[in-house]
Amino acid sequence: MATIPGDLPYIPAYEAPPTYLNVAHTVRSWLLTKDHKRIALLYLFSITFFFAIGGVAATIMRVHLLAPAGLLVEEMTYNKLFTMHGVIMVWFFLIPSIPTTMGNFLIPLMIGARDLAFPKLNLASWYLFMAAGFFILLALLLGGVDTGWTFYTPYSSRSSNTYVTLAVLAIFINGFSSILTGLNFIVTIHTMRAPGMTWFRLPLFCWSHYATSLVMVLATPVLAITLALVGIERVFKVGIFDPAIGGDPVLMQHLFWFYSHPAVYIMILPAFGVVSELVTCFSRKRPFGYEFIAFSSLAIAMIGFLVWAHHMFVANISIYAGMAFSLLSFLVAVPSAIKVFNWTATLYKGSVALDTPMLCALGFIGLFTLGGLTGVMLATLGFDVHVHDTYFVIAHFHYIMVGGSVIAYFGGLHFWWPKMTGRMYNEWAGRIAAALIFLGFNLTFFPQFVLGYLGMPRRYHSYPPEFQVYNVLSTAGASILAVGYALPFFYLLWSLRYGRLAGPNPWRATGLEWQTTSPPPKDNFEKIPVVTEEAYAYYKLAPQGMAALGSVAAAEARETGGGES
Amino acid sequence: MDESFRLFPEEASNLARDCDHLLYYLLGVSVFFTLLIFVFVVYFALRYRRKSDNEVPPLVPSPLSLEITWSVIPFILLMIMFFWGTSVYVKMKKPPADGMQINVVGKQWMWKVQHPNGAREIDELHVPIGRPIKLMMASQDVVHSFFIPAFRIKQDVIPGSFVTQWFIATKPGVYHLFCSQYCGAEHAKMIGRVIVLRPEQYEAWLAGAPPDEPPAVAGARLFVTYGCVACHAARAPTMAGLYGSRVQLDNGRSVVADDDYLRESIIEPGAKVVAGFPPIMPSYRGQLSEEQLIDLVAYIKSLGAGASTEGGVRPLPATQPANGFSPDRAPNYPPARQTPGAEPVEVEHGRLGGRPDK
């Protein structure tokens with residue numbers, strides 16, 4: 001590691017203990033690892049692969065929609081593309097994204113533990129994930145699925161002649177992976193905190209993962225039941241959801257959204273945690289309203305269980321049910337608003353550095369604000385009726401999931417990359433990618449709000465010509481977005497070999513994960529730390545204390561572009 | 001170019017303006033908060049830009065009063081959205097009693113429409129302005145969704161029940177009709193046109209359309225064909241005056257006999273059994289198409305609410321007035337092509353003669 005010229009000041013004076021990466025090199029040592037950090041990397045490779053597949057599907061669709069009649073594919077192919085895009089992005093990228101990579105890697109480090117509570121279960125959850133991935137790829141290769149990621153009955157259980165059973169089997173298995181991860185996090189945060197790490201000294205990242213884990217453990221079984229019933233009805237013709245054999249199709253929608261709305265919070269809550277860490281580190285401030293940010297995560301997780309039927313305002317539910325679910329949906333917006341205000345206020349009188357992770361975090365605040373506000377528009381009953389199942393909804397949830405979760409994921413990945421790999425990425429490449437993602441994202445999805453209000457329904461293979469101009473804008477944006485997503489793939493890989501050595505704390509962040517080496521040793525800490533203060537005690541550091549926090553590898557990387565040159 | 005860059009769809013129904021006014025409020029709140037956050041984030045990020053690598057900013061207290069302020073103000077704005085949105089929704093969901101009923105059946109991948117006089121059309125819906133239209137909708141297969149952007153209305157059409165939607169068209173013109181719930185291969189082709197006409201144009205269109213049996217007349221024939229008449233009003237409850245009345249059930253509850261109750265009682269007679277009658281009626285699940293169910297219910301409806309007709313089955317009208325629209329009860333319906341009852345009935349196909357099957 002220390003053979004690259006130019007890095008001499010950072011070579012430790014003593015023989016460095018092996019890191020988690022070089023403690024063993026065999027394939028077996030990776031595939032049978034119980035180290036939370038290695039499992040995080042296994043997940044990182046896996047979900048990057050699935051993100052690429054989902055992205056290819058999206059790219060084909062966006063190119064196809066350049067012309068009103070459609071450019072590239074036939075109807076059924078298009079239907080399979082949006083289904084695969086949804087299924088893979090939701091269950092094989094977004095839901096595992098931050099928790100299984102950064103959550104797995106960082107929670108033990110942040111609370112001062114040597115691993116998660118159940119290391120073998122952690123590995124088992126990755127194998128379940130891969131088994132699920134195998135079945136979903138099998139379904140894809142055999143010919144695909146066309147039901148949409150929502151698997152609405154009776155279309156999915158009776159009408160579709162695609163590989164629905166295989167797909168629901170895959171998602172059924174995937175659910176157990178999610179449950180095991182959530183269970184592991186809950187037990188770990190309860191039982192494995194280092195001495196002195198009280199609940200209110202926990203980093204907000206841990207609070208948000210705790211809230212996420214509650215949702216994973218409590219909601220995912222309902223999805224498993226629902227999809228199992230869809231499979232049973234499809235294979236054995238038992239009348240559960242299909243009215244032709246005595247079932248109730250709306251029941252399926254209730255059950256599906258009972259999971260799938262909380263699932264939105266599985267996707268966004270970890271992003272809240274990441275953004276809280278980024279905003280505090282890059283403004284060197286205690287988070288404004290720490291308790292409010294922490295408890296708003298729990299409030300969102302709880303109320304999030306009670307809003308599911310806002311997906312069904314036009315599905316013939318009673319007016320009173322519509323009113324109740326609308327009201328509860330507005331209530332869940334309040335803790336989200338509290339978070340946004342507190343993040344913004346954290347910048348006040350801070351020491352703000354606009355490195356790539358912070359650019360992502362600030363982008364997140366803007367895009368999540370728009371996604372959240374359009375979310376409350378959709379919670380408004382009389383308005384939702386018109387835009388339901390149109391591109392307005394598509395734009396809204398992409399602002400939350402892509403503008404929100406994915407940009408936070410990228411921000412977190414850049415922030416903790418030096419911790420995971422020991423190397424700095426190229427800062428200017430990072431900033432360019434962040435800017436491209438932000439601009440490309442807005443150009444892709446903002447026109448879709450207009451398209452939706454004009455009335456273009458979702459899941460349309462072709463469309464009336466007057467919608468073309470907004471579709472062309474959207475596709476133009478998507479091409480920028482694609483470049484923004486592809487860039488990090490290259491410069492992050494490049495950094496593994498050529499990046500400047502990071503040192504333990506390149507960002508000069510507080511927080512236990514920065515007090516160990518980069519990459520950390522197999523057991524995380526030489527000695528389990530004793531915690532005496534909160535995770536964000538920047539204000540207690542005199543300038544000398546700040547200088548002592550760590551190298552300024554990040555600052556130097558900024559000046560030299562991150563490379564060795 | 002103007003057309004390509006339009007931001008709002010046409011307002012062509014009484015509900016469209018309500019929805020747009022609601023949008024203006026929602027947009028106002030959204031734009032305000034987006035700009036507020038944007039301005040503060042950009043201002044703070046530039047104003048408090050890090051000046052030296054060893055800089056340590058001071059601790060800024062986070063006062064509770066500020067947290068409460070920025071919780072309460074959004075809460076109030078959200079509650080305004082809630083009440084406003086709910087009032088629009090309630091209006092959308094409460095059809096006026098005097099609406100003209102048009103029946104719509106969705107199936108993969110078309111919309112089949114039938115007007116009160118029996119006139120049919122596919123993937124097109126002709127309606128007059130200025131008059132409440134009540135759509136009674138059913139799905140023959142999977143979930144569809146009936147969406148007219150210019151009217152700001154959308155309703156999922158869910159198999160296994162009747163759903164309704166109403167509107168008053170306000171502006172003559174031709175508008176899009178979409179299916180907005182994914183329903184299979186040709187979902188994107190399950191689209192059509194809504195043609196909004198002036199009342200006299202609508203009457204002229206109706207007069208020119210190929211005549212067909214009105215739903216209540218077809219239903220009366222089905223009532224005989226399927227043997228309903230054998231029991232109802234003898235061993236089973238009479239249909240006369242049933243529609244809209246409150247029915248006492250054998251489990252002690254009671255239920256209003258609306259369209260959906262009648263539909264359910266045909267498909268699943270055991271679900272809600274009328275007090276004092278044995279649960280012996282067989283299920284007609286799978287034997288009747290959605291259109292036939294609509295016809296039967298239309299017939300039962302035509303027997304009136306509260307009126308009692310001897311024998312339960314009102315005699316079919318033998319002759320009818322000249323082609324002219326009337327939404328009223330059966331005796332006033334415009335003519336069918338043939339005199340009902342005078343032709344053989346093709347039971348095996350589940351269809352009656354003289355009806356275009358598509």
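This is a predicted model: local features need pLDDT of at least 70, side-chain atom pairs count only at pLDDT 80 or more; totals for chains, interfaces and linings use all residues.
**Contact between the chains**

Chain B meets chain A through 77 residues, which are in contact with 82 residues of chain A. On the chain B side, at least two residues each come from α1 (14–47), α2 (64–93), β6 (144–148), β7 (153–157) and β9 (173–179). The largest share of that side comes from α2(B), with 16 residues. Sorted by class, the side of chain B that touches chain A holds 45 nonpolar, 18 polar and 14 charged residues.

**Domains of chain B**

Chain B is divided into domain 1 (14–47 + 60–93), domain 2 (100–208) and domain 3 (215–332). Between domain 2 and domain 3 of chain B, 16 residues of domain 2 are in contact with 12 residues of domain 3. The elements β1 (100–107), β5 (132–139) and α3 (199–208) of chain B each supply at least two residues of the domain 2 side. Of these, β1(B) gives the most, with four residues. The side of domain 2 that touches domain 3 in chain B has eight nonpolar, seven polar and one charged residues.

The table sets out the class make-up of two of the sides described above.

| Domain 2 of chain B, touching domain 3 of chain B | eight residues | seven residues | one residue |

**Strand β9 of chain B**

Strand β9(B) is among the elements that supply residues to the side touching chain A. Five of the seven residues of β9(B) are buried, so this strand is largely enclosed by the rest of the structure. β9(B) pairs with β6(B) in the antiparallel sense over two bridges, and B:Phe178 of β9(B) is the bridge partner of B:Phe147. β9(B) also pairs with strand β10 (residues 192–197) of chain B, again in the antiparallel sense, over five bridges. Here B:His176 has B:Arg193 in β10(B) as its bridge partner.

**A helix pair in chain A**

In chain A, the axes of helix α7 (residues 204–236) and helix α9 (residues 290–303) come within 9 Å and cross at roughly 10°. Angles under 35 degrees count as roughly parallel, so α7(A) is roughly parallel to α9(A). From α7(A), the contact is made by A:Leu204, A:Trp207, A:Ser208, A:Ala211, A:Leu214 and A:Val215. From α9(A), A:Ile293, A:Ala294, A:Ser297, A:Leu298, A:Ile300 and A:Ala301 take part. The residues of this contact between α7(A) and α9(A) comprise 10 nonpolar, two polar and no charged.

Methods
Residues are numbered from 1 along each chain as its sequence is written. Chains are lettered from A and ligands numbered from 1 in the order in which they are written. Two residues are in contact if their C-beta atoms, placed from the backbone, lie within 7 Å. Ala, Val, Leu, Ile, Met, Phe, Trp, Tyr, Cys and Pro count as nonpolar, Asp, Glu, Lys and Arg as charged, and the others, Gly among them, as polar. A residue is buried if 20 or more other C-beta atoms lie within 10 Å of its own, exposed if 12 or fewer, and partly exposed in between; C-beta atoms are placed from the backbone. Two strands pair if DSSP finds at least two bridges between them. Axes are lines fitted to C-alpha atoms, for helices over the stretch in contact, and angles run from 0 to 180 degrees between N-to-C directions. Angles under 35 degrees count as roughly parallel, over 145 as roughly antiparallel, 65 to 115 as roughly perpendicular and the rest as oblique. Domain bounds come from an automatic or database domain assignment.
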